[in-house]
Each structure stands twice: as C-alpha cells, then as structure tokens.
Amino acid sequence: MIDVDAVKQWVLDFVEMPHPDFNGKPICPFAKTARKLGKVNFIEFKDEWPDEEIANQILAMDLSKHDMTLLVCSKDRWSEEQTFRTALKYEKLGVENNILLEHSHPDTPWMMGNLNTVYQHNIIIWLQNFEQAALSVIALKKTNYYELFDMETEFYSEKDFDTRVSIYRKEMLEKYNEE
C-alpha cells in the first residue's frame, strides 16, 4: 500500500520535529522550510509503473520549482537488494541532470546517532537538487550538526554526509558482491 499522506505526516511529525537524540534539533534542519515553501514534491510511485519511470521522474524534475521529489513506493515493490540496485542503476542519470538520487528501504536502517531515520511503511526514492544538497552540507558544516554523529564506529566517526553515503554504498556493494 502506498500512502503519500502518511509519508507527509511522518515528515511533519518526525523529520521536521526537534528530537532529543539531535540535541533538540530536527533530523533535517531544512525540511520544514522546504515544505512550507512548496519545494518538496511527493509522488505516489504506482505499482504498475515500470522501474524506468524513475528515469522519467528524473528528467521531469523541475529544479526551479522543487528542491526534492520523494517517489513513494510500495514496501513490497523491491527487496532491500533490488531497491539498492534500482537506485544505483539511475544514479548516473541523476548526476547528469544535477540530481542526487538516494533511497531508503524499510529493511535497511539509516542510523543517525542512535536513531533509525528510515520510514518503515514504504520504500522511498528521493531526488534532490544536487546543488541545493551541496549547499546544505556546507551550511551544516558551519554548525555542530555533524557532531551528533560522532559515534565510535568507523561509519559514524565520519561526520561528513558525503563520506557517510560513500561508506554506505561501499558496504552495500560489498554485501551484494558488486565491484
């Protein structure tokens, strides 16, 4: 089942809200402003759509209107591995179009500090204006935001988001025996 309204509510109630594990800060400090400015687009990624529709959504994304588009997919559309491989397949097209493509699957925890930030009811492919994402990272580096991730493991000792994503991709590629 795909419930875009439930994802929107999760963003309001979880992503935008101050959280004790984030020293009273929201998980994403930019989410509320982006939503209020209408810069976030939520799309129900219908079960009958072919995977290639991701490419169509990348090419159709109007970066002058939206900083982010969330493609909300059925939880059972792909396995954890298939979700990773599908996102990887379209990543280059995203880069060519100034779009950062990321994904989350309910079976793949995305830990930020001690908190799992993955929405548990749907797979989400998010397309983000790459330039906007880079500016956000630069802005956050000027604050103590990344200090919240200073854990003892190798993954969390890296405070830079790009490094964390690179480590995640490397781990997933190793897990699925890719080179």
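Reader: What makes Glu53, Ile54, Ala55, Gln57 and Ile58 of helix α3 (residues 53-60) count as buried?

Author: Glad to start there: these residues of α3 are buried, and buried means under 20% relative accessible area, with exposed over 50% and partly exposed in between (1.4 Å probe, protein chains only). The helices (H or I, at least four residues) and strands (E, at least two) are DSSP runs, numbered from the N terminus. This is a predicted model, where local features need pLDDT of at least 70, side-chain atom pairs count only at pLDDT 80 or more, and totals for chains, interfaces and linings use all residues. Residues are numbered from 1 along each chain as its sequence is written, and side-chain values use heavy atoms, with hydrogens and water left out.

Reader: What covers the buried residues of α3?

Author: The cover includes β3 (40-45), β4 (68-74), α4, β5 and β8 (122-129), where contact means heavy atoms within 4.5 Å.

Reader: Why is Gln128 called buried?

Author: Gln128, in strand β8, has a relative accessible area of 16%; that is under 20%, so Gln128 is buried. Among the residues it touches are Met61, Asn98 and Leu100.

Reader: And why is Asn98 called partly exposed?

Author: Its relative accessible area is 30%, which lies between 20% and 50%, so Asn98 is partly exposed. Asn98 sits in the loop between α4 (80-96) and β5 (99-104), and has a positive phi of about 60° although it is not a glycine. Most residues other than glycine have a negative phi.

Reader: How do you know that Cys73 is buried?

Author: Its value is 0%, under 20%, so Cys73 is buried.

Definitions and conventions: Lists of a residue's contacts leave out its neighbours within four places in sequence.
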